[in-house]
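Hi everyone, thanks for coming. I'd like to walk you through one structure today, so please have a look at it with me.

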Amino acid sequence: MKVTKTGAKGSQLPTEGFTQKDSAEHEGYAGAHIPARITETDNTNTDLPKDGLLEKIVSRNNLNEAFKRVKANKGSHGIDGMGVDELLQHLKENGETLRQSILDGKYRPNPVRRVEIPKENGKKRNLGIPTVVDRVIQQAIAQVLTPIYEKEFSENSFGFRPKRSAHDAIRRSQANIQEGYKYVVDMDLEKYFDTVNQSKLVEVLSRTIKDGRVISLIHKYLKAGVIVKHKFEETEVGVPQGGNLSPILSNIMLNELDTELENRGHRFVRYADDLLIFCKSRKSAERALRNILPFIEKKLFLKVNREKTVVDEARKVKFLGFSFYSLKGQTRVRIHPKSIVKMKTKVKELTARSNGIGNEDRAVKLRRYIMGWVNYFKIADMKKLLQTTDEWMRRRIRMIYWKQWKRIRTRFKMLKLFGVQDQKAWEYANTRKSYWRTSNSPILAQSLGNNTIKGLGFIFFSDYYRQVTA
């Protein structure tokens, strides 16, 4: 399909920046209608009838709650270098000025700081880090918009919504498969956050939000720009991924797709921009994909990655790191092999012999990783996986200590300290076997047994899994 580029006028570098109190070019498909640019004097006209929404956003209670959440989430600094720890004092001194500038429509958000995060495929994901002040304002907007849009959002969307999680999305998918919807359209929206059509998003927002001042403020955030290697770049398309507003704006835009899918009678599960459409046969799945593509590309002006979007059996796809399988007629959940590889790569990195991490710090980092990983994947069947992973990880930990004992006298001394008899301790202290081979020896299994390793501050996957699933 022929692809054409669409251009647009640029935004100016913000000239004002206060604080408050207590990407790539968009590509549209040939023949698609590109909506007229919406500016602050069109659909975002601040003279439109007001419903007091902006006053709710800048109210003392809402701003205080926004500040608390930003502080709790911590995070990196924006382009001004101000950290979360400096935020409170700054807001006390400048909060009223900031609040009034927002009400007067004079506030100009700062550009975001570009950060590139490596992806599994070797590519990079662009994150935009707003200043801590802009994070507070964005959070304040999101807190007011959330209860309004929660009434409109689909029951089939689960990402970035209160009292909903990836686990809920997996459970709903599991239920759909169990009921006979064994084929899926695994939809991949190419660089979704970077390619959102801002004019379309403003149009969608304007249907529900009647306070033009709020639309104008959101529009300013969309067009605030980005600093890349100390140079300012305009943001004509996309929603900066990394800001507090991005999740709800993402859901507002994709709720258009949710509504269309529901109107067509489809079963689907969406988590942010990850989408599965469930069908009973491969042909119906292929038909569903063929029929929904024009809506996504010509109505929402989003790009579908044709190479990564597939029609397949549900058990063969990866969704949010999980996959599905059948056991005795029941649909079960397990961890996708790629997620297992990623986990083992991280454990291997944390248990490398020469990564410069001290043993105490290593134990802390491993603990944090294991707890986070198990809490996310705990709904999957993984007891056997965790047992074998623990055995492998313990061997790597023993290898680390064996290398650190390096000298014969040190090895002899430490083996005796951990209860090995003199003769055996001396024999193994003089071994010429490799670190990895020695780590699997009965002597190290005895001297650095499971309880000893736990005593050194390490935890095991299986133990924590039993703890959180008891």
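Helices (H or I, at least four residues) and strands (E, at least two) are DSSP runs, numbered from the N terminus. Please keep in mind that this is a predicted model, where local features need pLDDT of at least 70, side-chain atom pairs count only at pLDDT 80 or more, and totals for chains, interfaces and linings use all residues. Residues are numbered from 1 along each chain as its sequence is written, and side-chain values use heavy atoms, with hydrogens and water left out.

In which order do the strands of the open sheet with 4 strands come? The order is 8-9-5-10, with antiparallel pairing. At the edges are strand 8 (267-271) and strand 10 (310-313), each of which pairs on one side only. On average, neighbouring strands here are turned by 25 degrees against each other, direction ignored; axes are lines fitted to C-alpha atoms, for helices over the stretch in contact, and angles run from 0 to 180 degrees between N-to-C directions.

Inside that sheet, strand 5 (residues 183-188) and strand 9 (residues 274-279) run antiparallel and are joined by 6 bridges. Y183 has C279 as its bridge partner in strand 9, while D188 stands opposite D274. Helix 9, residues 246-263, touches strand 8 and strand 9, and its direction makes about 170 degrees with that of strand 8. Helix 10, residues 282-299, touches strand 5, strand 9 and strand 10, at about 25 degrees to the direction of strand 5. Contact, by the way, means heavy atoms within 4.5 Å. Strand 5 also pairs with strand 10 in the antiparallel sense, over 4 bridges, and there V185 has V311 as its bridge partner.

Next, helix 7. Is helix 7, residues 198-208, mostly covered or mostly uncovered? Mostly covered: 8 of its 11 residues are buried, where buried means under 20% relative accessible area, exposed over 50%, and partly exposed in between (1.4 Å probe, protein chains only). Those buried residues, including L201 and L205, pack against helix 4 (132-150), helix 8 (212-222), helix 9 and helix 10.

L201 turns up again in the largest nonpolar core, which has 68 residues; L201 is among the members that touch the most others, as are L87 and I137. Such a core is a set of buried Ala, Val, Leu, Ile, Met, Phe, Trp, Tyr and Cys residues joined through side-chain atoms within 4.5 Å. Helix 4 gives this core its largest share, 10 residues.

Two lysines to finish. K74, in the loop between helix 2 (60-73) and helix 3 (87-103), has phi near 55 degrees, a positive value in a residue other than glycine. K163, in the loop between helix 4 and helix 5 (166-178), has a positive phi of about 60 degrees. K74 counts as exposed because its relative accessibility is 58%, and K163 is exposed at 86%. Thanks, everyone!

Definitions and conventions: Pairing = 2+ DSSP bridges.
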